Amino acid sequence: MILLLILKALKTMAETLISFQDASIIQGGKEILTGINFEMKQGDFVYLIGKTGMGKSSFIKTLYGELPLKTGQGSIVGFDLNTLKTKDIPMLRRQIGVVFQDFKLLEDRTINDNLKFVLQATGWKDKIAIKEKSGSVLNSVDMSSSGNKFPHELSGGEQQRVAIARALLNDPALILADEPTGNLDPQTSFEVMEVLRDLNKKGQTFLMATHDYAILSKYPSRTIKCDQQQVFEVVQRQA
């Protein structure tokens, strides 16, 4: 019985990807968020909402090591944010995929070459492995026929699908999606959300910052909010 309890505890610890206890986030000498208590586990899909200036961006920056955590306790994908060293940040970021609002694709090269660039920059050398991985992630977002196209030949929704594929390249434990539908029309936003939710159903973990309440309504999930220097849960429903 004791062994089973120990194994269960270890399993629970392994599945916790983000954890904050009584943490405060400080930027430019100013306390942006305080008393943060938050936990996120493998397989979760969590929305992060809040008005501009309420600390959403600071929260995300802390997660990928741009802002140091000086007060309270925090960890992400096995990295202690309190003791995180500059030399460890590249390794941390390889464990996290990021999807941006404005796609950030390299316009002077094809989609395949965009993906190849990221893989080579993160240590991939085998040409066959690079080709296979690129094809695999494009297939996962229904863009397998677009590898030889340039970004300008794709619609906004298609470019965002490619950006999602790029975030999947190094099999991240967690994807941070920062307003991924912010530049898309409502119908295209829903189509991109279908891709994200399908990936989540297959086990991928997402923390998604958004202002789009139509998405929150159509695809309800656990939601946390930044407001008045606090981070608190406002919704906890299953999609």
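Four elements, namely helix H3 (89-94), strand E6 (96-99), H4 and helix H6 (156-167), each supply at least two residues of the lining of the largest pocket. The model is a predicted one, and this pocket in it has a volume of about 570 Å³. Its lining is made up of 20 residues, and of these Ile-96, Val-98, Phe-100, Val-118 and Arg-166 lie nearest the centre of the pocket. Among the contributing elements, H4 gives the most to the lining of the largest pocket, with 4 residues. Sorted by class, the lining of the largest pocket holds 11 nonpolar, 4 polar and 5 charged residues.

In general, two packed helices are described by the angle between their axes and the distance between the axes. For helix H4 (residues 111-121) and helix H5 (residues 127-140), the axes come within 10 Å and cross at roughly 120 degrees. H4 and H5 are therefore oblique to each other, and H4 passes H5 in a right-handed crossing. On the side of H4 the contact is made by Ile-111, Asn-112, Leu-115, Lys-116, Leu-119 and Gln-120, while H5 brings Ile-130, Lys-133, Ser-134, Val-137 and Leu-138 to the contact. Taken by class, the contact of H4 with H5 has 6 nonpolar, 3 polar and 2 charged residues.

The second largest pocket brings the reader back to these two helices. About 220 Å³ of space lies in this second largest pocket, and the residues that line the second largest pocket are Asn-112, Asp-113, Lys-116, Lys-127, Ile-130, Lys-131, Ser-134, Gly-135, Leu-138, Ser-144 and Gly-147. The elements that give two or more residues to this lining are H4 and H5, and the largest share, 6 residues, comes from H5. By class, the lining of the second largest pocket consists of 2 nonpolar, 5 polar and 4 charged residues.

A further helix pair involves H6, one of the elements that supply at least two residues of the lining of the largest pocket. H6 and helix H7 (residues 186-201) pack at an angle of about 20 degrees, and their axes are 10 Å apart. Because angles under 35 degrees count as roughly parallel, H6 is roughly parallel to H7. The crossing of H6 and H7 is right-handed. In this pair, Gly-157, Gln-160, Arg-161 and Ile-164 of H6 make the contact with Thr-188, Glu-191, Val-192, Val-195, Leu-196 and Leu-199 of H7. The residues of the contact of H6 with H7 divide by class into 5 nonpolar, 3 polar and 2 charged.

Technical notes: Residues are numbered from 1 along each chain as its sequence is written. This is a predicted model: local features need pLDDT of at least 70, side-chain atom pairs count only at pLDDT 80 or more; totals for chains, interfaces and linings use all residues. Side-chain values use heavy atoms; hydrogens and water are left out. Axes are lines fitted to C-alpha atoms, for helices over the stretch in contact, and angles run from 0 to 180 degrees between N-to-C directions. Angles under 35 degrees count as roughly parallel, over 145 as roughly antiparallel, 65 to 115 as roughly perpendicular and the rest as oblique. A crossing is left-handed if the near helix is turned anticlockwise from the far one by less than a right angle, and right-handed if clockwise. Contact means heavy atoms within 4.5 Å. Ala, Val, Leu, Ile, Met, Phe, Trp, Tyr, Cys and Pro count as nonpolar, Asp, Glu, Lys and Arg as charged, and the others, Gly among them, as polar. On a 1 Å grid over the protein atoms alone, a cavity is a set of points where a 1.4 Å probe fits but cannot get out, and a pocket is an open set with protein on both sides within 12 Å along at least five of seven lines; lining residues have an atom within 4 Å of a point. Grid points are joined across faces, edges and corners, and a volume is the space filled by probe spheres set on the points.
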